[in-house]
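Me: Hi! Could you walk me through this structure?

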Amino acid sequence: MKKNLLKNIAVLTLIGSLCLGLAACGKKADAANSESQIDKIKKAGKLVVGTSADYPPYEFHATINGEDKIVGFEMSIANEVAKDLGVKLEINDMDFDGVLNAIPAGKVDMGIASINPTDERRKNMDFSDIYFKAPQTVIIREADKDKYTTVESLYGKEIGAQKGTIQYQIAESQITGAKLKGLGKVTDLVLALQSGKVEGIVVESVVAEAYVKNNEGLAVVPFELQDLSDGGCAVAIKKGNSDLTEQVNKTIKRLVDDGSINKFIDEAKKIMNK
């Protein structure tokens, strides 16, 4: 009897210990799950941003004091968000498609790469308020500027656009019969245009102006294409991270209200023109 009693006591003690251990683990898991995205960012000491640095003046590579840096007015916005959070900014450069995939996967805290909010994208991510709007246009070779004067003149031609972008969808829906060439980087599309592999590239007007200014033999068509998005650029954030979205919106409001975004655009253009 005593032996059986001792065995029962030992078993009950073991079960009790396991229950306490599981309860403790559960509390730790609950604490981790309840931690906000901003808490995680502050704990890490950095804001990780995904971008595609081939889209001046939004984001692009430039040599600053002998070092390659990713700059641009969107990077200035990202830096202000990091400052408001009291952390450092870490920039991850990738293809545009990679940025869109990294956001819902949680590989970056936010994406900022001239991202246009669309109904389809809203299924997978949240968006900040709009902070910049630009018309959509087409870059062509300067030698063809008298040839391509209307959108109809591009019908059935080889047209380039960055994969996964609104511009790709615009080319697909508005340039009838276009033979589309989608590439990950705008720089590669410009090379395709210069080498005659495509007849035009669909981009935003400020981007078109930047590439035309820095590449001889290119021109911008004298017409605009219709925007398919909510009409502007926004920061993309993983769904459910409402605390971070609210903080980003606060930063954006401050930058819009005090005119900083226009200042950042001017600064980016100056860097491009050096």
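Reply: Happy to. One term to start: buried means under 20% relative accessible area, exposed over 50%, and partly exposed in between, with a 1.4 Å probe and protein chains only. This is a predicted model, where local features need pLDDT of at least 70, side-chain atom pairs count only at pLDDT 80 or more, and totals for chains, interfaces and linings use all residues. Residues are numbered from 1 along each chain as its sequence is written, and side-chain values use heavy atoms, with hydrogens and water left out.

Me: Thanks! So is Y58 buried or exposed?

Reply: Y58 counts as buried because its relative accessibility is 0%.

Me: And what about F132, buried or exposed?

Reply: F132 is buried too, with a relative accessible area of 15%.

Me: How many aromatic pairs are there?

Reply: The structure holds four. Rings of Phe, Tyr and Trp (its six-membered ring) pair if their centres lie within 6.5 Å; planes under 30 degrees apart count as stacked, over 60 as edge-to-face and the rest as tilted. Y58 and F132 make an edge-to-face pair, at 5.8 Å centre to centre and 75° between the planes.

Me: Where do those two sit in the chain?

Reply: Y58 is in the loop between strand 2 (54–55) and strand 3 (59–64), while F132 is in the loop between strand 7 (125–127) and strand 8 (136–141), 74 residues apart. Strands here are DSSP runs of E, at least two residues, and helices are runs of H or I, at least four, numbered from the N terminus.

Me: Which residues form the aromatic cluster?

Reply: Y55, Y58, F73 and F132 form one cluster.

Me: New topic: how many helices and strands?

Reply: The chain has 10 helices and 13 strands.
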